[in-house]
Amino acid sequence: MTHDENAGTSTMDRRQFLKISALAGGGLLVASGFDTAEHSAIAQAAPTTGLAPVADFAPNVFVSIAPSGVVTLIAPNSEMGQGIKTSLPMIIAEELDVKWEQVTVVQGDLNPAYGRQFSVGSGSTVANYVAMRRAGAAARAVLVEAASLEWNVNASECTTADGVVTHAASKRQATYGALATKAAQLQAPVNVPLKDPSTFKLLGTRIAGVDNRKIVKGAPLFGMDVTLPGMLYATYTKCPVFGGDVVSANLDAVKAKPGVRDAFVLSGIAGLPSGVAVVADSTWNAFSATKALKVQWNEGPQISQNSAEMAEQAVALAKAHAPASLPSGARAVDAVYHYPFLAHATLEPQNCTAWFKDGVMEMWTPTQIPSSGQGLVTQGLGLAAKDVKVHITRLGGGFGRRGSNEFSIEAAAIAKKLAGTPIKLTWTREQDFAHDNYRSNGWHYFSAGLDDKGTVVALHDAFVKMQGGPGDMTATGFPFNAIQGSQVRSGKLRGGIPTGYWRAPGDNGNVWATQSFMDELAHAAGKEPLAFTLDMLATVPSSPRFDASKMMAVLKLATDKANWGQQRPRGEGQGFAICFANNAYVAIVADVAVSQAGELKIKKLTAAVDAGTIVNLSGAEAQVQGSMLDGISAAWFQKVTVERGAAAQTNFNKYPMLRMNHAPPVVEVHFITSSAPPTGLGEPALPAAAPAVCNAIFAATGKRIRTLPIADDTLKWT
């Protein structure tokens with residue numbers, strides 16, 4: 001078997017894989033030593049731990065080694081382009097001391113034995129780093145013990161490298177494959193010493209993604225690729241107005257359309273919005289028949305919602321929360337910043353394949369939180385968790401969208417009604433835009449006071465957002481922690497607009513607003529922005545959570561690499577912004593040019609990042625580059641507006657993405673590496689990209705962007 005066993009026409013679950021491996025001639029399977037309380041609890045709940053007889057391999061494992069020498073590692077978390085399917089097995093391989101070329105990676109299904117399987121909040125590597133290291137180290141220790149017993153030598157005299165155990169004194173060597181069967185008879189050790197990071201050979205190098213070749217060749221990896229015998233295809237139509245219900249539908253007319261096998265209303269199921277399912281013999285026929293669907297909706301109270309009224313209410317509420325006065329003698333600087341709802345716009349639409357047979361619901365799902373989808377189905381359909389099996393497919397984009405699992409309960413409900421027949425549910429692009437869990441909109445009413453030396457002596461933020469979802473503000477982060485007595489007051493807009501996690505939740509909008517206002521304050525104070533920010537960072541008291549010296553280091557590195565401060569012609573400018581998120585420190589410098597007609601070009605982005613240990617240098621760079629481009633794409637072009645309780649943007653023609661001609665030709669990434677444990681890296685570089693660009697636009701034109709997207713503003717200058 002070569003790289004990866006995944007969703008598709010020949011699906012094999014984890015247990016089947018292990019049993020087949022055992023029947024193929026034995027080998028070694030080693031349980032991981034867990035570190036966190038969460039992992040300990042999971043390990044206790046798992047059916048077996050430690051080294052099991054070959055024929056009884058248990059699923060709470062990450063490593064298996066065949067006598068042939070093939071090393072199979074489990075990737076437990078969802079891969080959506082962030083590289084976790086490669087980087088987590090790399091951590092195991094490092095401690096196991098094998099060549100990467102020896103490794104086969106298998107995507108794990110949902111299984112509590114694997115521990116934390118939700119891929120959100122840039123937390124997969126952080127949560128699994130120690131567990132993965134121990135999984136590899138435990139396997140290596142057993143192999144060494146097997147060799148020492150075989151050779152009747154002390155295990156401490158044996159060394160390992162590239163999948164081989166060596167006893168230098170007797171000049172004997174054995175491959176891991178040759179030792180696998182003997183090692184399988186031994187007990188796995190607990191609390192094995194881990195490598196000194198200075199001896200790492202694999203971590204920090206560049207490793208290509210394990211799926212890269214398959215992606216290029218169009219191999220079936222994604223949820224949309226799943227095909228099962230006798231499968232039918234479904235759509236599920238919900239009320240365009242958020243929260244509306246079905247009253248009636250022309251089901252007989254739809255059933256008469258070509259290829260349609262059934263059409264029915266689903267309602268009254270916990271966690272499932274009321275809607276109409278259309279099931280056909282192809283996705284095309286299901287989509288075509290759905291166009292003929294006529295539904296009478298009870299649109300509900302959200303019909304009165306619209307973005308223009310939200311803005312009026314939010315600004316009034318924000319100003320009502322603002323402080324009555326500033327310190328005596330302080331010069332006031334205030335401004336309102338606003339960012340809109342955003343859709344996730346994953347390239348692969350939401351989908352799920354479900355098959356209900358013999359009382360068991362089996363699902364193939366591109367999800368960031370497979371346990372959440374399982375929970376929705378168990379609660380909504382009254383099934384036991386053991387009877388809901390989730391296979392994790394590769395995700396064609398996540399960005400937080402697939403942390404929600406409505407598509408899972410929708411597919412499962414349709415499959416249960418058509419028991420015995422596998423059902424693939426696919427959302428249309430329009431359904432995806434209309435029923436997203438949007439990044440919340442937000443308004444910041446900043447008010448600050450400057451003394452006669454241009455020092456910030458007061459800083460307040462009255463913040464308003466849609467109720468629900470992440471993104472609340474606190475006064476614990478920079479720049480508020482640099483000003484004694486800073487205040488952040490929050491208000492919420494009432495309404496039923498669905499909001500949820502969007503890449504870099506909360507920070508994606510709040511950092512844009514605060515870092516833009518910081519630049520505004522620097523200019524109001526008559527100070528050079530870099531010196532102004534460094535001076536403020538120098539006043540931040542140290543804390544276990546935030547190290548201002550690390551932030552200053554990445555800011556100095558980014559500005560040095562970007563040649564900050566060089567004289568530029570009118571119409572060109574530099575801006576920078578900083579962000580502390582997911583325990584990573586990021587500084588970004590943007591170089592832009594704005595023509596007198598207002599055409600914006602981003603010439604260069606330069607990022608400096610301190611994210612601790614870098615696991616896969618190639619993947620880490622890609623994460624930072626992709627985050628920055630995602631950040632400027634949203635800030636430049638994207639918004640979702642609400643009209644009569646529904647999203648006005650229903651496809652990419654009204655929700656443009658960053659095009660090749662908009663992308664900066666130069667994107668530099670510089671890491672400050674250390675032996676500290678890795679931090680999250682999938683999101684921290686996104687929030688600072690937009691304010692860096694907006695601050696550069698101000699430097700180039702004197703125009704301050706206070707409302708996103710940038711494209712809604714005119715950048716003309718004379």
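A contact here means heavy atoms within 4.5 Å.

**Figure 1. The whole protein, shown as a predicted model.** Take the contacts between residues at least 6 apart in sequence: 77% of them join residues at least 24 apart. The protein holds 17 helices and 26 strands. Its C-alpha trace spans about 80 × 75 × 40 Å along the principal axes. A compact globule of 718 residues would have a radius of gyration near 27 Å, and the protein agrees, with 28 Å. Buried residues account for 58% of the 718. The accessible surface is about 28100 Å². Carbon and sulfur atoms supply 52% of that surface.

**Figure 2. The largest nonpolar core.** This core has 87 residues. Which of them touch the most other members? They are V592 and I710. Strand β22 (residues 584-594) gives the core its largest share, 9 residues. Now look at I710. Leaving out residues up to four places away in sequence, I710 touches L600, A635, W636, V693, C694, I697, I705 and L715.

**Figure 3. A second, separate core.**

**Figure 4. Helix α3, residues 84-96.** The helix has 13 residues. From first C-alpha to last, α3 reaches 18 Å, close to the 18 Å expected at 1.5 Å a residue. Is α3 mostly covered or mostly open? It is mostly covered: 13 of its 13 residues are buried. Next in the chain comes D97, with a positive phi near 70°.

**Figure 5. The cis peptide bond between F478 and P479.** Omega is about 10° here. P479 sits in the loop between β19 (456-466) and β20 (487-493).

**Figure 6. The cis peptide bond from L708 to P709.** Omega is near 5° at this bond. Where does P709 lie? It belongs to the segment after α17 (689-701).

**Figure 7. K171, a residue with positive phi.** Its phi is about 60°, although K171 is not a glycine. The residue lies in the loop between β6 (164-167) and β7 (172-175). Is K171 buried or exposed? Exposed means over 50% relative accessible area. K171 has 77%, so it counts as exposed.

**Figure 8. D358, another residue with positive phi.** Phi is near 55° in D358, which is a residue other than glycine. D358 is placed in the loop between β14 (351-357) and β15 (360-365). Its relative accessible area is 79%, so D358 is exposed.

Conventions:
Residues are numbered from 1 along each chain as its sequence is written. This is a predicted model: local features need pLDDT of at least 70, side-chain atom pairs count only at pLDDT 80 or more; totals for chains, interfaces and linings use all residues. Side-chain values use heavy atoms; hydrogens and water are left out. A nonpolar core is a set of buried Ala, Val, Leu, Ile, Met, Phe, Trp, Tyr and Cys residues joined through side-chain atoms within 4.5 Å. Buried means under 20% relative accessible area, exposed over 50%, partly exposed in between (1.4 Å probe, protein chains only). Helices (H or I, at least four residues) and strands (E, at least two) are DSSP runs, numbered from the N terminus. The expected span of a helix is 1.5 Å times one less than its number of residues. The radius of gyration is taken over C-alpha atoms; the globule rule is 2.2 Å times the number of residues to the power 0.38. Accessible areas come from the Shrake-Rupley method with a 1.4 Å probe; for residues, only the protein chains shown count as cover.
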